[in-house]
Amino acid sequence: MDRIRIVGGNELKGSIPISGAKNAALPLMIASLLTDETLSLENVPHLADVEQLTRILGNHGVDYSVNGRREAQNSTYARTVNFTAKNIVDTTAPYELVSKMRASFWVIGPLLARMGEARVSLPGGCAIGTRPVDLFIDGLRALGADIEIEQGYAHASAPKGLVGNRYVFPKVSVGATHVLMMAATLAHGQTVLENAAREPEIVNLAECLNAMGAKVSGAGTPTIVIDGVSSLSGATHQVIPDRIETGTYAMAVAMTGGDVILEGARADLLESALETIARAGVEITPLNSGIRVRRNGAGIQPVDVTTEPFPGFPTDLQAQFMGLMTRANGRSHITETIFENRFMHVQELARLGAKITLSGQTAIVDGVQKLKGAPVMATDLRASVSLVIAGLAAEGETVVNRVYHLDRGFERLEEKLSGCGATIERLSS
Ligand SMILES: CC(=O)N[C@H]1[C@@H](OP(=O)(O)OP(=O)(O)OC[C@H]2O[C@@H](n3ccc(=O)[nH]c3=O)[C@H](O)[C@@H]2O)O[C@H](CO)[C@@H](O)[C@@H]1O
Ligand SMILES: C=C(OP(=O)(O)O)C(=O)O
């Protein structure tokens with residue numbers, strides 16, 4: 001199993017290319033199930049989750065082809081991947097494939113909308129909470145689907161097609177918003193989704209669906225209106241830059257000091273996180289080509305933060321921010337409101353000398369003068385990268401085990417960081 005070895009203490013200087021967003025690419029890929037024409041997605045990141053979803057889609061009969069091209073300027077891969085679901089050959093998404101990744105459950109919406117049936121295993125994904133699927137089930141039932149949960153599978157059917165309706169999400173859910181929005185594009189009549197998620201990835205998907213001929217309005221606000229159409233066509237659409245990767249590298253620079261341009265990043269996708277990082281004493285400058293992050297000399301100031309649905313501070317940056325706060329000049333409070341078990345990085349950060357205590361859903365972090373390298377174990381995707389951030393500032397060697405978590409969501413992490421002066425390498429075994 002691969003490991004990442006870091007020797008801490010170097011400032012980061014230079015530029016880091018920001019990849020396409022994992023959490024935008026996945027629902028966009030799933031949208032290819034809605035049409036028998038080709039959906040071409042530009043800027044698709046090369047990640048384990050993308051590969052896994054490609055396998056899942058392949059099982060349903062989706063063909064794909066990749067036009068990789070190397071960008072001379074910043075040496076990033078901006079892949080265009082074509083997905084064609086000419087015929088859906090199987091409406092079952094089996095446990096062996098779906099259990100590895102949460103988002104694979106989302107095929108239930110397009111399969112049901114296009115084929116009138118779907119049999120999808122209950123999902124897996126990061127073990128950061130119980131992560132039920134009740135909102136998906138309730139919402140699809142509101143659109144007229146019959147759904148039974150049996151032997152670990154959701155069996156859904158709507159032989160005469162889905163029917164538009166008003167559905168009020170009792171809780172904001174990114175995944176359930178993606179799924180209901182996709183399903184409603186092919187329903188008879190109008191669907192109104194209230195208390196919908198407002199994440200940029202929802203807007204990215206809505207724009208793609210509209211390019212395919214759907215009639216979706218209001219994405220990015222709490223009310224999304226979808227007027228069903230009888231069929232969708234192919235389209236070409238671009239995956240937005242990864243705001244979580246952007247925030248992660250901004251925090252890495254905040255941690256080590258230095259001056260880095262995050263190439264291709266969009267500040268408007270993560271204003272709340274950038275504002276929080278700036279309050280910690282870091283200079284953040286949006287540029288036409290990306291975002292410049294700089295911390296020279298001054299220490300890290302403690303900042304309290306609470307995770308919230310967009311436009312609030314994202315839960316997917318909570319672990320990384322905690323990594324940063326371990327070196328702050330004082331005490332900070334970090335409150336997690338989205339997932340009930342997303343503090344698994346606390347005990348690993350403690351191995352590096354961090355002082356963190358938990359009080360319910362709040363972590364109280366007392367900044368320390370010095371972290372010291374140690375072997376640590378990644379427990380989930382964002383937790384893993386918080387250990388990398390801490391390792392970059394720790395004295396001596398840190399080895400992060402279970403790197404497969406990182407490979408789910410960070411494209412060529414060690415190459416991007418070593419390109420800016422970090423001592424970091426992958427140890428293959
Ligand atoms: C692939 C992807 O895009 N994953 C992101 C997505 O996950 P995901 O879409 O799974 O997260 P949700 O927004 O659905 O989850 C938010 C909260 O709602 C709860 N819930 C959700 C659905 C449901 O049927 N019932 C229910 O109770 C969840 O347990 C959680 O407590 O949004 C999360 C919140 O921004 C991010 O951390 C994940 O990185
Ligand atoms: C939690 C995440 O992913 P998933 O929803 O696929 O588990 C994540 O991207 O941080």
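For the classification of residues used here, Ala, Val, Leu, Ile, Met, Phe, Trp, Tyr, Cys and Pro count as nonpolar, Asp, Glu, Lys and Arg as charged, and the others, Gly among them, as polar. The model is predicted, and local features need pLDDT of at least 70, side-chain atom pairs count only at pLDDT 80 or more, and totals for chains, interfaces and linings use all residues. Residues are numbered from 1 along each chain as its sequence is written, while chains are lettered from A and ligands numbered from 1 in the order in which they are written.

The chain is assigned to domain 1 (3-19 + 241-427) and domain 2 (22-238), with bounds that come from an automatic or database domain assignment. The C-alpha centres of domain 1 and domain 2 are 30 Å apart. Across the boundary, 21 residues of domain 1 are in contact with 17 residues of domain 2, contact requiring that the C-beta atoms of two residues, placed from the backbone, lie within 7 Å. On the side of domain 1 that touches domain 2, strand E2 (12-17) and helix H13 (404-409) each supply at least two residues, helices (H or I, at least four residues) and strands (E, at least two) being DSSP runs numbered from the N terminus. Helix H13 gives the most to this side, with four residues, and the side as a whole divides into eight nonpolar, four polar and nine charged residues.

Ligand 1 is surrounded by 21 residues, of which Asn23, Leu135, Ser173, Val174 and Gly175 are the closest; a residue is near a molecule if its C-beta atom, placed from the backbone, lies within 6 Å of it. Two or more residues of this shell come from each of helix H1 (22-31), helix H5 (134-142) and helix H6 (174-185). The shell comprises eleven nonpolar, five polar and five charged residues. Because domain 1 and domain 2 both give residues to the shell, ligand 1 lies between them.
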